[in-house]
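Dear colleague,

I am passing on the structure below, with notes on what came out of going through it. Please read them with the model open beside you.

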Amino acid sequence: MDSSTAVAEAKDHSALGEQQDNTLTLEYWHKKWEMHDIGFHQEHGNKLLRKHMNTFLNGKSGLRVFFPLCGKAVEMKWFADLGYSVVGVEISELGIREFFTEHNLSYLEESIAGISGAKVFKSSSGNITLYCCSIFDLPRANVGKFDRIWDRGALVAINPDDRERYAKLMLSLLEKGFHYFLITFSYDPTKFSGPPFYVPDSEVKSLFGSTCNIQCLEKADALKERHKKWGIDYFIEILYLFTEK
């Protein structure tokens, strides 16, 4: 290991320790939606996903696509319009309702047996199903397995102590021949404690590397004015592709 790598890994370890102290509750996310403090929402969808869509879909039809911590991601409509089956999970009922309303989609809702307060929302067309509950309460028997996972804001929003549990859940939901897109962000975590949390490359490999081939598809400058207010001077968006080993 060269000295620059050792320094970087030591910095990663120190920063992770700081971020683990910043534990967020589900109530925190509910309040974000209630206050409409949702800077994480991308009104026009994610540019890297759009750019690498062919790699993600790989020419396949009939795919089931999973959106962990989906919010009201417009990409769910993209995939539904392409004829794919979309399933998401989101803690905020407000976010789910806004998704259907903003896309003029009619839907049905029902409670989920055995999970207090949980609901499932289904588009009348039948190809979008959104679960309103904690991701760790997701009714696994109901949701089945997925050919694709699009994780733009989930791993980076999960409390650091829950990442291993989260990764195991995601891996358990994958079908054979899967493609899993993951977005992380690189910034100076000593200047900003998240969310989005800083997840170093070494941890991505530790969480997913035993099961997946991991390829970094692109690193893109994503710094905006709102990020500068966090006290950081760089913000890099990183897109990974996971495939079956």
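**Proline loop and the findings around it**

Pro196 lies in the loop between E7 and H9, where helices (H or I, at least four residues) and strands (E, at least two) are DSSP runs numbered from the N terminus. Pro195 is in the loop between strand E7 (174-186) and helix H9 (201-208). A cis peptide bond joins Gly194 and Pro195, with omega about -5 degrees, and a cis peptide bond also joins Pro195 and Pro196, with omega about 0 degrees. Most peptide bonds are trans, and most residues other than glycine have a negative phi.

Before the rest, two notes on the basis of these findings. This is a predicted model, in which local features need pLDDT of at least 70 and side-chain atom pairs count only at pLDDT 80 or more, whereas totals for chains, interfaces and linings use all residues. Residues are numbered from 1 along each chain as its sequence is written, and side-chain values use heavy atoms, with hydrogens and water left out.

**The chain as a whole**

The protein chain has 10 helices and 9 strands. Of its 245 residues, 51% are buried, a term that stands for under 20% relative accessible area, with exposed meaning over 50% and partly exposed what lies in between (1.4 Å probe, protein chains only). The accessible surface of the protein chain comes to about 12,000 Å², and 48% of that surface belongs to carbon and sulfur atoms; the areas come from the Shrake-Rupley method with a 1.4 Å probe, and for residues only the protein chains shown count as cover. Among contacts (heavy atoms within 4.5 Å) in the protein chain between residues at least 6 apart in sequence, 69% join residues at least 24 apart.

The buried residues of H6 are Gly95, Ile96, Glu98, Phe99 and Phe100. H6 is followed by Asn104, whose phi is positive, near 55 degrees, although Asn104 is not a glycine. Asn104 sits in the loop between H6 and E3 and is exposed, with a relative accessible area of 73%. Asn58, in the loop between helix H4 (53-57) and E1, likewise has a positive phi of about 55 degrees without being a glycine, and at 43% relative accessibility Asn58 counts as partly exposed.

**Salt bridges**

The count comes to 14 salt bridges, each being a side-chain nitrogen of Lys or Arg within 4 Å of a carboxyl oxygen of Asp or Glu. One of them joins Glu98 and Lys72, whose closest N and O atoms are 2.9 Å apart. Because Glu98 lies in helix H6 (residues 93-102) and Lys72 in the loop between strand E1 (64-68) and helix H5 (75-81), the pair ties together parts that are 26 residues apart in sequence. Glu98 and Lys72 are both buried.

Glu109 forms a salt bridge with Lys119, the closest N and O atoms being 3.4 Å apart. Glu109 is in strand E3 (residues 107-111) and Lys119 in strand E4 (residues 119-123), so this pair ties together parts that are 10 residues apart in sequence. Glu109 is partly exposed at 36%, and Lys119 is partly exposed at 23% relative accessibility.

**Strands and cysteines**

E1 and E2 run parallel and are joined by 5 bridges, two strands being paired if DSSP finds at least two bridges between them. Pro68 stands opposite Val89 in E2, and 5 of the 6 residues of strand E2 (residues 85-90) are buried. Thr129, in strand E5 (residues 128-132), is buried with a relative accessible area of 13%.

The count of disulfides (pairs of cysteine sulfur atoms within 2.5 Å) comes to 0. Cys70 is in no disulfide, and the nearest cysteine sulfur, that of Cys132, is 9.1 Å away. Cys70 counts as buried at 6% relative accessibility, whereas Cys216 is partly exposed at 36%.

With best wishes
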